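Subject: Structure handover, salt bridges

Hello,

Here is the structure for you to look through. Please open it first, then read my notes below.

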Amino acid sequence: QVQLVESGGGLVQAGGSLRLSCVASGSIFSINAMGWYRQAPGKQRELVAVITSGGNTNYADSVKGRFTISRDNAKNTVYLQMNSLKPEDTAVYSCNANIQGSFYAKTWWGQGTQVTVST
């Protein structure tokens, strides 16, 4: 069994910054790609950013230049540094990770953390 636990969400004014963290624990042999997704009220979940085990990254166009994804493999942790936040960034942010267990790889999800950006 694997658990992903996010932290770092909260309320921030437009133009501010937040840093989200997501720690994976449990039966982990290795971690492949890790990513952040978000879902705003009434909208579908969308990819925010993803990072491979080798450190390659990809971002949604809406966050390029403002958000930075990174990971610490020794700590099984992925981060999302969010700068210049906008009200439209308000959403529940969830992390996911493709984790290699003893026999197969599986994608796991965290429970999500609320990010609210006020005007």
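Start with one cut-off: a residue is buried when its relative accessible area is under 20%, exposed when over 50%, and partly exposed in between. Keep in mind that this is a predicted model.

Now the salt bridges. Side chains of opposite charge can pair when their charged atoms come close. The count here is 4 salt bridges.

Take aspartate 89 and arginine 66. Their side chains form a salt bridge, at 2.7 Å from N to O. This pair links distant parts of the chain, 23 residues apart. Aspartate 89 sits in the loop between strand 8 (77-82) and strand 9 (91-100). Arginine 66 sits in the loop between strand 6 (57-59) and strand 7 (67-72).

Are these two buried or exposed? Arginine 66 has 11% relative accessibility, so it counts as buried. Aspartate 89 has 1%, so it is buried too.

Salt bridges with shared partners join Arg38, Glu46, Arg66 and Asp89 into one network. Within it, glutamate 46 and arginine 38 meet in a salt bridge at 2.6 Å, N to O. Arginine 38 is buried, at 7% relative accessible area. Glutamate 46 is partly exposed, at 34%.

Last, look at aspartate 61 and lysine 64. Their side chains meet in a salt bridge at 3.1 Å, N to O. Aspartate 61 is exposed, with a relative accessible area of 65%. Lysine 64 reaches 47%, so it counts as partly exposed.

Best wishes

Conventions
Residues numbered from 1 in each chain as written. Predicted model: local features only at pLDDT ≥ 70, side-chain atom pairs only at ≥ 80, totals over all residues. Heavy atoms only, no water. Buried < 20%, exposed > 50% of the residue type's maximum accessible area, 1.4 Å probe, protein only. Helix = DSSP H or I, 4+ residues; strand = E, 2+ residues; numbered from the N terminus.
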